[in-house]
Amino acid sequence: MSRKTTAKESEERPKHWVSYPRFLWRSLALATDGSWAFYAWMTGLTAIALVGANAWAGQVSSGMGVTGMSDHVSWGLYIANFTFAVGLAAGGVMMVIPAYLYHDDEMHDVVIVGELLAIAALIVSLGFVVADLGRPDRFWHLLPGIGRFNWPISMLTWDVVVLNGYLLLNLHICGYLLYMRFLGRKPNPKWYVPFVFLSVIWAISVHTVTAFLYSGLGGRPFWNSALLAPRFLASAFVTGPAFIVLALQVVRRTTSFRVPEGPIQTLLKIMRVTVLVNLFMAGAEVFTEFYTGSSHVAAARYLYIGLHGKTALVPWIWTGLAFNVFAAIVLHTPKLVAKRPLLNLALVLVFSGVWIEKGMGLIIPGFVPSTMHELVEYYPTLTEWKVTAGLWAVGMMVFTIALKVALPIFGGEVGAGERSWKRDDAPDSDPEPAPAE
Amino acid sequence: MSALNRRRLLKGAGATLGALAFAKAIEPVFEFTANLSGDEFLQKHYRELSPDDLRTVLARLEAETKEKYGADVTIRDIRPQDGVQFGYALNLSTCIGCRRCAEACHVENNHDRKTHQSYIRVFEMQQGSFDMEQGDATYDHPVPQPGRYYMPVQCQQCDNPPCTKVCPVEATWKEKDGIVVVDYNWCIGCRYCEAACPYHARRFNWEAPEISAEEINPNQSYLSNRIRPQGVVEKCTFCLHRTRTGALPACLEACPTGARVFGNLLDPDSEIRWVLENKRVFVLKEELGARPRFFYFFDV
């Protein structure tokens, strides 16, 4: 394959109609080529996604009676996961801020991982919104211009705007940078830096608006708190970095992409703050609820200690809190942080802990007791677990494929020309990069 | 065959297999769409329908009811009248908690028989307490019990409805006579309104309602008691198919103690006005600022 001449031409006068399809074609090849482990991983995820798709199809066909939700607890596992996934998407910004605002060069080298995570997590969160719709066939009613988009009155329309906007921003940033690297050209800051800065603000907004969905409801005292949005952000900045630190280690082991230690340490530093802020806010809420002891405490009582013998959430929330506390201890003990397997365990636990706390621990007590103080509990059904597993499997597939395409191009192993793209500051003696496989 | 070609072939086979498996996995969706007509799918919002469109839609809905439920029904589009603002009041001193109102609602509004759905929940309250936490809507004993009073709760038709403002697609709104309605053919089933309502007034059709042809109330209207589709939200409409044509709500007619008072708030001679002017009335959860049009009072 000799593409030297075309590459040279494209450098002088880019023919995007030739090189862009080639970029897409090459990306497709990258996305589908891999080791046996890669194929096994993707096949496993596909299988889970198919089980989820099948469960969702059954739900569409026979109605949402197949879920554990009721008129008393009208949102459940789907909206819990939606909320969590939005946080994960926003969490990626904790790489973007050091990379672009503080010019951390090492972070800059791996920042694409955070941006791709945002894309995958947004797809997951939008998937959960669709899974929760009773009439997904009427999705077009939401399209501005064609349907009747109740913007700016409904917070849900704001959420549709910010989530899709954030998705487009990240797709643009990642797509543009990858394509430029593929061409071997220096990205023009004009075409991406403003978008990166916008994406920083936008990341904050996606999770703020998602919190406003709940905190704006006066009839639900458990949610009707100004602390909700800040708490959402604090927990998002726990889960995002936790997931990225784990992902970076997997990338380091399974690819030839260079993952420096600096970004991992930076992310851990961020987590040391956010994990405590999150726990502090949880404590502040618990104090306000229980010390006041008004009837508003009913939901918190149901969540933490059970109400009138109903205790479905109690084991969940204490597990979630214990995971958060464990991670806080590990992160603040240098000796323990140095033990990578223990650190990784703490990261997995804090990720699960926030998933519990912000998922089941936040959405369900909003409905228990109900607005008329009826105590109806909620247990997700197998259908809901299948759909949930399926959507996360889709998210992992998107993330895997995105990394599979992005890292070789970013690492300079793959490009329009045969030579690798080098950063200006890269040492000249840089040897030919290792092949992808 | 070269390694590259073999790999390509395997990839193609894998992709085909995946696509086939996906088609198989989502097959149940096609069972659903098979029952969905193109006209239904493309139907515009109620308020965008021309009179001609509306006639077609109503005829289609009647035909669908015939096809799915085997009943001949008339579905009308009944608009609000000028100079009418509906209000409802309930006398807590005389309510005995018999739940006949809830049952009448069940029958009048073609609710799902299996779940015995109704827009009204009657709470048995502790004498001396207004704490809803002391209330019980699932009581199953002779009424009235000593030391208890009874409080039926249905849609309060708020003047500042928290439910309509959260709807992302404007599928629910307040009509000019004060009734909050839902376009069942526009609702996407996100249930945000159900989360927003402070009075637990909204219901979701978790499954398609089940009701036998003989039990169906054939006197129906588009915005109220026609049989709702699966996967959409519904609510009390003050029986607008009755009240907009001069009749009283089914729940009121069923009440054996005369605890319910309904009427036009703009009519100075109406009973509802007399109650509001002469009784010490209150609304539920006034502090939330939803401004209900459903008033409660004690007689003594």
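**Notebook: the A/B interface and side-chain pairs in chain B**

I looked up the interface first: chain B and chain A bury about 5,100 Å² between them, with carbon and sulfur atoms giving 56% of that area. Buried area here is the accessible area (1.4 Å probe) that two parts lose on being put together, summed over both. On the chain B side, E133(B), Y192(B) and W206(B) lose the most area to chain A, together 15% of what that side buries.

I note that this is a predicted model, in which local features need pLDDT of at least 70 and side-chain atom pairs count only at pLDDT 80 or more, while totals for chains, interfaces and linings use all residues. Residues are numbered from 1 along each chain as its sequence is written, chains are lettered from A and ligands numbered from 1 in the order in which they are written, and side-chain values use heavy atoms, with hydrogens and water left out.

**Entry: who touches whom**

I counted contact as heavy atoms within 4.5 Å. By that rule 61 residues of chain B and 58 residues of chain A take part.

I then looked for polar contacts (a pair of N or O atoms within 3.5 Å; within protein, one must be able to donate a hydrogen and the other to accept it, and residues adjacent in sequence count only if both atoms are side-chain atoms). The interface has 34 residue pairs in polar contact, both residues at pLDDT 80 or more. The largest share of the side of chain B that touches chain A comes from α1(B), with six residues. Helices (H or I, at least four residues) and strands (E, at least two) are DSSP runs, numbered from the N terminus.

**Entry: salt bridges**

For a salt bridge I required a side-chain nitrogen of Lys or Arg within 4 Å of a carboxyl oxygen of Asp or Glu. The whole structure has 34 of them over all chains, and eight cross the interface of chain B and chain A. One pair is D33(A) with K11(B), whose closest N and O atoms are 3.1 Å apart. I also found a salt-bridge network that links R135(A), D137(A), R138(A) and E40(B).

K114(B) is in the loop between α5 (100-108) and β3, and E207(B) is in the loop between β7 and β8 (219-221), so the pair ties together parts 93 residues apart in sequence. For accessibility I took buried as under 20% relative accessible area, exposed as over 50% and partly exposed as in between (1.4 Å probe, protein chains only). K114(B) is exposed at 54%, and E207(B) is partly exposed at 33%.

R293(B) and D159(B) form another salt bridge, at 2.7 Å between the closest N and O atoms. This pair ties together parts 134 residues apart in sequence, because R293(B) lies in the loop between β11 (281-282) and β12 (294-297) and D159(B) in the loop between β4 (148-153) and α6. R293(B) is buried at 8%, whereas D159(B) is partly exposed at 32%.

**Entry: aromatic rings**

I paired rings of Phe, Tyr and Trp (its six-membered ring) if their centres lie within 6.5 Å; planes under 30 degrees apart count as stacked, over 60 as edge-to-face and the rest as tilted. The search gives 44 aromatic pairs over all chains. Y88(B) and F262(B) are an edge-to-face pair, 5.2 Å centre to centre with 75 degrees between the planes. Y88(B) sits in strand β2 (residues 86-91) and F262(B) in strand β10 (residues 260-264), 174 residues apart. Y88(B) is buried at 0% relative accessibility, and F262(B) is buried at 9%. Both belong to a cluster linked by ring pairs, with F86(B), F130(B) and Y149(B) among the other members.
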